[in-house]
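User: Hi! Could you walk me through this structure, one question at a time?

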Amino acid sequence: MRKLPALATAVVLRLGPQDESFVGDLVEEYESGRSRAWYWREALSAALLTSVRQIGARPARAFAAILTGWGTSLLLFLLLGDRTANGLAGWLWNWDRQTAYETGVWWPFWITASLVSYSGFGLSALAVVRLYRPPAGPMLMAYAASMLLGLIASSLLIEVLTRRTGAVPVPHTLFYVVSVALPHCWRAGLLLAPMIILVAGLCGCPSSGEPASPKREGGSRQPHPSA
Amino acid sequence: MSDRFLTDFELMVILAVLRVRDDAYGVSIAREIEQTAGRSVTHAAVYLALDRLCRHGLVSARLGNPTAERGGRAKKLFSVTAAGLRAIRRTRRAFIALWKGVPELKGTPV
């Protein structure tokens, strides 16, 4: 038996149609000689189509999941972010903010602030998948997509304001989110933040099982389990 | 019971279920569409269409036996219900009615 692409299978089980038979179909096709690229294409299209459909069917729930994700990540930063990033930079590199204003050495803070920011994104994703299941996967996709759109908007805003004023405006309270969109790292941050949300969420997302059991072959015909 | 019309893709899927008959499950339905209609489809799109048809009572599903080649997972076998057959006829009538009387399509077999 060929080894299935593990990550693609995890994507299908967590973000695809919550149906073991669907995974069985993909396994059967893969065993009959389909390529890894084919398997990945099926996994991603399953995640995307299922998410679009579930979000469309539950718009209020998706909106609540997005608010929860953003709220959690901002709250984590406001309560812990700046303090943790300062503390970590001081502990690792003997860095302090007062000296940084004089010397202009900010890289230790940038590193720890990014670590704290991305950990916050991961934790907020876990909050979304824990609070909104089922279907956790599509709600996670909604949150990741909203973060991608939010960061694109932040990047464009920063770009426009920087060109107009010559300075990089960073509202302090939104630093946590906006920092990943800053000019020197926005290209990585734009994709990295949603990717971390997806990966952390995938780790915390429950894997699909058969939600209900229609009768086995030979039994009377049953409606679809997801009906 | 549903009086809805089928979308073009739902029509393809439900016709494929009819054509494949006893062994209509995700893989065989997708292959039937690709081979007969020449349309490339993803399994997810087929599954979601089948799920929608099931919810409207146009198709019914039952589980087969798990097999090793599927990693121990069972097939979900589909069949068209009486309501599904009515929906196919209703949709066909609607398409034919729209088809007729279009000068650009005159002479094209229905």
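This is a predicted model: local features need pLDDT of at least 70, side-chain atom pairs count only at pLDDT 80 or more; totals for chains, interfaces and linings use all residues.

User: Is Ser51(A) buried or exposed?

Analyst: Ser51(A) sits in helix α3 of chain A, which covers residues 36-57. Within 10 Å there are 22 other C-beta atoms, and a residue needs 20 or more to count as buried. Ser51(A) is therefore buried.

User: Which residues does Ser51(A) touch, not counting residues up to four places away in sequence?

Analyst: Contact here asks for C-beta atoms within 7 Å. With residues up to four places away in sequence set aside, the partners of Ser51(A) are Leu15(A), Gly137(A), Pro138(A) and Met141(A).

User: How far apart in space are Ser51(A) and Ile152(A), C-alpha to C-alpha?

Analyst: Along the sequence, 101 residues separate Ser51(A) and Ile152(A). In space, their C-alpha to C-alpha distance is 21 Å.

User: Why does Val129(A) count as buried?

Analyst: Val129(A) belongs to helix α6 of chain A, residues 107-131. The threshold for a buried residue is 20 or more other C-beta atoms within 10 Å. Val129(A) counts as buried because its C-beta neighbours inside 10 Å number 25.

User: What is the distance in space between Val129(A) and Leu202(A), C-alpha to C-alpha?

Analyst: These two residues, Val129(A) and Leu202(A), are 73 residues apart in sequence. Val129(A) also has contacts beyond four places in sequence, among them Gly201(A), Gly204(A) and Cys205(A). From Val129(A) to Leu202(A), C-alpha to C-alpha, the distance is 8.4 Å.

User: Let's turn to the other chain. What pattern does chain B follow along the sequence?

Analyst: Chain B has four helices and two strands. Read in sequence order, the pattern of chain B is α-α-α-β-β-α.

User: What percentage of the residues of chain B count as buried?

Analyst: The C-alpha atoms of chain B fill a box of roughly 55 × 30 × 20 Å along the principal axes. Among contacts in chain B with a separation of 6 or more, 51% join residues 24 or more positions apart. Chain B has 110 residues, and the share that count as buried is 42%.

User: Which element supplies the largest share of the side of chain A that touches chain B?

Analyst: Across the two chains, 31 residues of chain A are in contact with 27 residues of chain B. On the chain A side, α2 (20-31) and α3 each supply at least two residues. Eleven residues, the largest share, come from α2(A).

User: How many residues on that side of chain A are charged?

Analyst: The side of chain A that touches chain B has ten nonpolar and nine polar residues. The charged residues there number twelve.

Note on methods:
Residues are numbered from 1 along each chain as its sequence is written. Chains are lettered from A and ligands numbered from 1 in the order in which they are written. A residue is buried if 20 or more other C-beta atoms lie within 10 Å of its own, exposed if 12 or fewer, and partly exposed in between; C-beta atoms are placed from the backbone. Ala, Val, Leu, Ile, Met, Phe, Trp, Tyr, Cys and Pro count as nonpolar, Asp, Glu, Lys and Arg as charged, and the others, Gly among them, as polar.
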